[in-house]
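Colleague: Hi, could you walk me through this one? I'm new to it and would like to start with the pocket.

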Amino acid sequence: MNWFKVCGIHEVSEDMPKAIEIKGNQVGIFKVDEDFFAIENVCPHAFALLTDGFIEDEKVECPLHEAIFDIKTGVLESGPGCRNLHIYPTKVEGEEILIQCETN
């Protein structure tokens, strides 16, 4: 697996996550306190970008059907999400956010 630069740290805030596509994967970059997390951005229940959802207390709520996921772990906490989200290892180098993703 390789590390990929996906955005600058100033492009993401606690109330403004960033949607990206990398290697064919839709990924949401979220900030919780001073840390960054990368999770699968498409709700597994029905196509909706979680970066468009409601964020509160380290959770994101799907904007369509109210499934709630933990941003740090990707765990489905309630609602019709069907399964947990895939998470991507994340690190910061200087002013850049990097995620680890498989290459095809």
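Modeller: Happy to! Eleven residues line the largest pocket, and those nearest its centre are Met1, His86, Tyr88, Cys101 and Glu102. Keep in mind that this is a predicted model.

Colleague: What volume does the largest pocket have?

Modeller: Its volume comes to about 150 Å³.

Colleague: And which strands each supply at least two residues of the lining?

Modeller: Strand E9 (87–88) and strand E11 each do that. Sorted by class, the lining of the largest pocket holds five nonpolar, four polar and two charged residues.

Colleague: Let's stay with E11, then. Is it enclosed or open, and why?

Modeller: E11 covers residues 96–101, and five of its six residues are buried, so the strand is largely enclosed by the rest of the structure.

Colleague: Which strands pair with E11?

Modeller: Strand E1 (residues 2–8) pairs with E11 in the antiparallel sense, over six bridges. Strand E10 (residues 90–93) also pairs with E11 in the antiparallel sense, over four bridges.

Colleague: What about the turn between E10 and E11, how many residues does it have?

Modeller: The hairpin of E10 and E11 has two residues between the strands, and Gly94 there takes a positive phi near 65°.

Colleague: OK, new topic: the inside. How many residues are in the largest nonpolar core, and which have the most contacts?

Modeller: The largest nonpolar core has 15 residues. Those with the most contacts inside it are Val6, Ile20, Ile22, Val27, Ile29, Ile97 and Ile99. At least two residues of this core come from each of E1, strand E2 (18–22), strand E3 (25–32), strand E4 (35–40) and E11.

Colleague: You mentioned Ile39. Where is it, and is it buried or exposed?

Modeller: Ile39 lies in strand E4. Its relative accessible area is 0%, so Ile39 is buried.

Colleague: How far apart are Ile39 and Ile87?

Modeller: They are 48 residues apart in sequence, while their C-alpha atoms are 4.4 Å apart in space. Ile87 is also one of the residues in contact with Ile39, along with others including Val27, Phe30, Val60, Ile71 and Leu85.

Colleague: Now Phe54. Is it buried, partly exposed or exposed?

Modeller: Phe54 sits in strand E5 and counts as partly exposed, at 48% relative accessibility. Beyond its neighbours within four places in sequence, Phe54 is in contact with Lys59, Val60 and Glu61. Phe54 and Ile97 are 43 residues apart along the chain, and 22 Å separates their C-alpha atoms.

Colleague: And Thr51, where does that lie?

Modeller: Thr51 lies in the loop between E4 and strand E5 (54–56). With a relative accessibility of 12%, Thr51 counts as buried, because the cut-off for buried is under 20%. Its contacts, not counting residues up to four places away in sequence, are Pro17, Lys18, Ala19, Gly28, Phe30 and Asn41.

Colleague: Last topic: turns. How do E2 and E3 pair?

Modeller: E2 and E3 pair in the antiparallel sense over five bridges, with Ile22 standing opposite Asn25 in E3. They form a hairpin with two residues between them, and Lys23 in the turn has a positive phi of about 50°.

Colleague: How exposed are Asp33 and Glu66?

Modeller: Asp33 is partly exposed, with a relative accessible area of 45%, whereas Glu66 counts as exposed at 54% relative accessibility.

Technical notes. Residues numbered from 1 in each chain as written. Predicted model: local features only at pLDDT ≥ 70, side-chain atom pairs only at ≥ 80, totals over all residues. Heavy atoms only, no water. Buried < 20%, exposed > 50% of the residue type's maximum accessible area, 1.4 Å probe, protein only. Pairing = 2+ DSSP bridges. Core = buried A, V, L, I, M, F, W, Y, C linked by side-chain atoms within 4.5 Å. 1 Å grid on protein atoms, 1.4 Å probe; cavity = no way out; pocket = protein on both sides within 12 Å on 5 of 7 lines; lining within 4 Å. Points joined across faces, edges and corners; volume = space filled by probe spheres on them. Nonpolar A, V, L, I, M, F, W, Y, C, P; charged D, E, K, R; others polar. Contact = heavy atoms within 4.5 Å.
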